[in-house]
There are 2 protein chains.
Amino acid sequence: MDRRNFTKLSAAASLTGLVTRTAAGEETPRANTAAAASKESAEQQHLDAMQRYAALTEGPKLTIGMLVYPGMFLQDLVGPLAVFESLMNRDIHLLWKTLDPVRNEKAEHTTFIPVPPTTRFADCPDHLDVLFVPGGVPGTLTMMEDAEVLQFLADRGRQARFVTSVCTGSLILGAAGLLKGYRATSHWVTLDVLSELGAIPTKGRIVVDRNRITGGGVTAGIDFGLQLAALLRNDTYAQAVQLYLEYDPAPPFDAGSPEKAPPIVNQFLSEMFAELKDAATQAAKRASKRLS
Amino acid sequence: MDRRNFTKLSAAASLTGLVTRTAAGEETPRANTAAAASKESAEQQHLDAMQRYAALTEGPKLTIGMLVYPGMFLQDLVGPLAVFESLMNRDIHLLWKTLDPVRNEKAEHTTFIPVPPTTRFADCPDHLDVLFVPGGVPGTLTMMEDAEVLQFLADRGRQARFVTSVCTGSLILGAAGLLKGYRATSHWVTLDVLSELGAIPTKGRIVVDRNRITGGGVTAGIDFGLQLAALLRNDTYAQAVQLYLEYDPAPPFDAGSPEKAPPIVNQFLSEMFAELKDAATQAAKRASKRLS
C-alpha cells in the first residue's frame, strides 16, 4: 500500500477522534431537518470508519529480516515482500553477508533480476519480529552448508519473535538447527527431507508450530504472508492487504499439489527433481551430523 | 524449472525413441521369466513417460517481451515471470527505454528491488509472441502519458501474437490504443476506467478476448501466466509448471475481491484509492482524446 495514502488516512483517522468529540459536544449546532440528520449520520459513519482504520493499521514498529542469497527463487521472496510492504510502521531488511547484489547462479536461465541486500549480517538488529528464509534451487543446497549463514540464522532465530520460511527455505532453517522438534513444511519435493533435520514433516500450505511458521512451495508465500500479517497486526488488516493484492485465486487448472496433478505431471516432476531430492537429503544428513 | 534438468529429460526422452525401437527389434533378448517381464514393463512405462515429456515441453521458440518501468509493482512482473521462466525454448526480454535499472519512484516505501532491463526498446525484436505490461502505482499513471512508451507498445502490440497485462497494466495498453473494442480487466479499483479507453470492462481473474489477455490485480499474474503457458504450449505443461510452483492456493481469509471482503475493508481501500482512481480516469480521458 501507498504509505502516503496510509499516512493521510491515519492522520484523518487521528483527527477523527477530535472531530467526533466535537460533534458530541455542546458547541456543535443540532441538525433540525431529516436531510441534515441523514447527512450527519453519513458523515458520522464515515468518521467512525476512519477511526476504525487507525485501529486497523497502527501497531508497534515491526522489524522484518529476509535472507537473500545467490540461487534463491525470486517469487519466494517477492510474494511475502508484497505483503510485508503493505504493512505500516515496519522496517524490512534484505539480509546478506555483503551489500553486493545476489545473483542467481544460473542467471541466464532462471531468475535474472539481481537483488541488492539492504543490510549486512553484521548490521542486522539483534531482535527481529520476523526472520524469513526463501527457498530456491540451487541456492538452498549451498546455504545448507554455509557456516556463516547458518550461524547468523541460528543466532537471530533464537531471538526472533517469528522464525519463518517458504518453500525449500525450511531446509536452511533446519540446517541451522531451528526446526528440531517442530512441525514444518517445505516444497512438496523436499518435505520428507525435513525429518533428517529433526523436524516433523507436515503437509500444509502454511504450518504454524509455536513461533515457527513455514510455507509450502513458491506461491505459498502469498498465503503465508497474509497469515503472518494477521498475527503481526490483525485479521482485518490482513484482509485489507488481501483485497489490495486482489488475492482471489482462480488457477486455470487444479494441479497445484501431487494429490491433484495428473499422473504424467507428477511423474515428470518427480523424475526431474529426483537428483535434487537426493542432494538435499545428503546435505541434511551432513547438517544433522554437525548439529548433534 | 531448471533448464539443465529439462534438457537432460528431453535428451533422455529423445533417446527413448531409439531405445524403444531397439526394444521392439530383433536384437533385444526376450524376457523369459515373470520378474523380468515385470521389470521390462516398468522400464517400458518409464521410457514411455519420458517420451511424453518431450512432446510436453518442446515447441517453437517463444519470444516474450515484458515492459518494466519506474513505479511498477514488482509482484505484477515476478508472478508471470516465474511461469514464463519455467518454459523451455524461450527468450524473455525485460524492456525499457534504456538499460538503466528501473527503480520504484518511492523506493524507500514500496518495491526496493531495482529491475535491470535486458533489452532497450530500440533492440526489441519486431515480432513478439507475448507483449506483457505489469501494473503498479504510481508508474501506471506516468506510463499512460509517456509518448515513447505508448508508441513502442502500439507498434509491437500490432504485431504481437498475444497482447497482455496484469493489474493496472491494462490502462497502459488502453492508453496505447490496444484495447479499443476488446473486453479487458484490471485491478478492481480501476476496472471502470477501461471504458474511457474504449475497452469493455469485464470482471474476471483472466479475461481473454481474441489475442488480448488481461489479468486482475497483482496476484492474478500467476493465474494469468499459467493460462498463457497453456495457450503457448499445452495444458499438461502448464499443469507441470503449476505443480512446480506448488500453486495450490489456500488464502487464510476469503477477502480477495470487493464482493467477498468485509464492508470495513472495502470502505478502507475504496477511500484509500479514490484519489488514484480519479487520477487514472483523468489520464484515461486525456489518452482517449489523443487517440481519437
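## Two chains and a helix contact

Helix α9 (residues 263-291) of chain A packs against helix α8 (residues 235-244) of chain B at an angle of about 55°, and their axes lie 9 Å apart. That angle makes α9(A) oblique to α8(B). The crossing of α9(A) over α8(B) is right-handed. The model is predicted.

Which residues bring these helices together? From α9(A) come I264(A), V265(A), N266(A), F268(A), L269(A) and F273(A). They meet T236(B), Q239(B), A240(B), L243(B) and Y244(B) of α8(B). By type, this contact has 8 nonpolar residues, 3 polar ones and no charged ones.

Now the whole interface. In chain A, 85 residues are in contact with 85 residues of chain B. The two chains bury about 7,800 Å² between them. Carbon and sulfur atoms give 65% of that area. On the chain A side, L243(A), F253(A) and F268(A) lose the most area to chain B, together 10% of what that side buries.

| Feature of the interface | Value |
|---|---|
| Residues of chain A in contact with chain B | 85 residues |
| Area buried between chain A and chain B | about 7,800 Å² |
| Share of that area from carbon and sulfur atoms | 65% |

How do the copies relate?

Conventions: Residues numbered from 1 in each chain as written. Chains lettered and ligands numbered in written order. Predicted model: local features only at pLDDT ≥ 70, side-chain atom pairs only at ≥ 80, totals over all residues. Heavy atoms only, no water. Axes fitted to C-alpha atoms, helices over the stretch in contact; angles between N-to-C directions. Helix = DSSP H or I, 4+ residues; strand = E, 2+ residues; numbered from the N terminus. Parallel < 35°, antiparallel > 145°, perpendicular 65-115°, else oblique. Left-handed = near helix turned anticlockwise from the far one by under 90°. Contact = heavy atoms within 4.5 Å. Nonpolar A, V, L, I, M, F, W, Y, C, P; charged D, E, K, R; others polar. Buried area = accessible area lost by both parts, 1.4 Å probe.
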